[in-house]
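Here is a short tour of one protein model.

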Amino acid sequence: MRGAFPGLCLALLAAERGARLGTIIHYLVRGQLGWFGLTVSCVVPGYVAQLLSILWFRADGHPPGCCLLMLHLLQLGLWKSPKPAQTWVGILCHDDSCRYWDVLRLTAKESCGACTGEVLMQHGDVCVLRLLEALLQSLPHLLLQAYVLVEVDPAGFVPGVSAGLSLLSLAWALVSYSHFTCLLKPGHLCPPAASILCLLLWRTGMLGTRVLALVLFTRLYSLWVLAVAGVHWLLMAFWLVAQQTDIVAQPCRWRLFNCLVGAVYIFCYINVRPGPSKHRVAVFYAVS
């Protein structure tokens, strides 16, 4: 399972990008310019993750050139390695393949109990960037295509496939993040394939039901869904403030962090504090 992990990640990412492009072309060919524009607009938030990727390159001592900037403009920044055969990762891989592939392959090749701190930190950076990209890009696309399926074209094959792949991609990004947090625990315990599969099914089901509930509520009550989502967002944001999360030190950024994670909590739970999380998960599901 560990050897197949990088290939599965990249195959799913490529399939989702291809389906999204196919959906854009589908709306354009059929003359549905409204849905075409909304689908294209869902791509724009992904540039936040690309900007953070560029900052990561700068922090690694690799100033972005024209080629690198063009890759990030095409939203392929995660597919590019930090330095051509100069970083520790590049030296081990002996090529200039993608950063996402390099880091995941190294994590898979290392025995889970022997991963070095540098590999884990590289893995963590990639997982967080991919999760951010999925939340900013895949989630809005999923909501839009689910609404199209429910309200406009229930038999639409292309929007259905694209929505399904976006759902699976978002769930896999959450699973990859959980996998990384497991590797950070003392002893670097690597979850078996069965537990990863169960976690993927749980994340997929949780996200799918919440997205469907929001879409159906929107169909029946229109803009009232904003009020419901806003109340939930405020409750979750205040709950995060009450937990006194210390991931971000600066007060202004700390407030922004709580607001953003509170919005994410409308759809799924992400553990942002060290230690056992079973009580926080119970509170999350009791509130939502």
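His26, Tyr27, Arg30, Gln32, Val148, Val152, Asp153 and Pro159 line the second largest cavity. This is a predicted model, in which local features need pLDDT of at least 70, side-chain atom pairs count only at pLDDT 80 or more, and totals for chains, interfaces and linings use all residues. Residues are numbered from 1 along each chain as its sequence is written, and side-chain values use heavy atoms, with hydrogens and water left out.

A cavity is a set of points, on a 1 Å grid over the protein atoms alone, where a 1.4 Å probe fits but cannot get out. Lining residues have an atom within 4 Å of a point. The second largest cavity holds about 30 Å³ of space. Volume here is the space filled by probe spheres set on the points, with grid points joined across faces, edges and corners. The whole structure has 2 cavities of 30 Å³ or more. Helices α1 and α7 (117–152) each give at least two residues to the lining of the second largest cavity.

The second largest pocket has a volume of about 250 Å³. A pocket is an open set of points with protein on both sides within 12 Å along at least five of seven lines. In this pocket 14 residues form the lining, and Arg17, Arg20, Leu21, Val43 and Leu74 lie nearest its centre. Helix α1 (residues 5–29) supplies the largest share of that lining, 6 residues.

Next comes helix α8. Serine 162 lies in helix α8 (residues 157–184). Is serine 162 buried or exposed? Serine 162 is buried, because its relative accessible area is 1%. Buried means under 20% relative accessible area, exposed over 50%, and partly exposed in between, with a 1.4 Å probe and protein chains only. Neighbours within four places in sequence aside, serine 162 is in contact (heavy atoms within 4.5 Å) with Ala19, Arg20, Thr23, His141 and Gln145.

Valine 158 also lies in helix α8. Its relative accessible area is 27%, so valine 158 is partly exposed. With neighbours within four places in sequence left out, valine 158 is in contact with Gly22, Thr23 and His26. Valine 158 and tyrosine 27 are 131 residues apart in sequence, yet 9.5 Å apart in space, C-alpha to C-alpha.

Now the whole chain. The chain has 12 helices and 0 strands. Both are DSSP runs numbered from the N terminus: helices are H or I of at least four residues, strands E of at least two. Of the 288 residues, 43% count as buried. Among contacts between residues at least 6 apart in sequence, 66% join residues at least 24 apart. The accessible surface comes to about 14,300 Å², and 73% of it belongs to carbon and sulfur atoms. These areas come from the Shrake-Rupley method with a 1.4 Å probe; for residues, only the protein chains shown count as cover.

Last, the cysteines. How many disulfides does the structure hold? The structure holds 0 disulfides, a disulfide being a pair of cysteine sulfur atoms within 2.5 Å. Cysteine 198 counts as exposed because its relative accessibility is 53%. Cysteine 268 has a relative accessible area of 1%, so cysteine 268 is buried.
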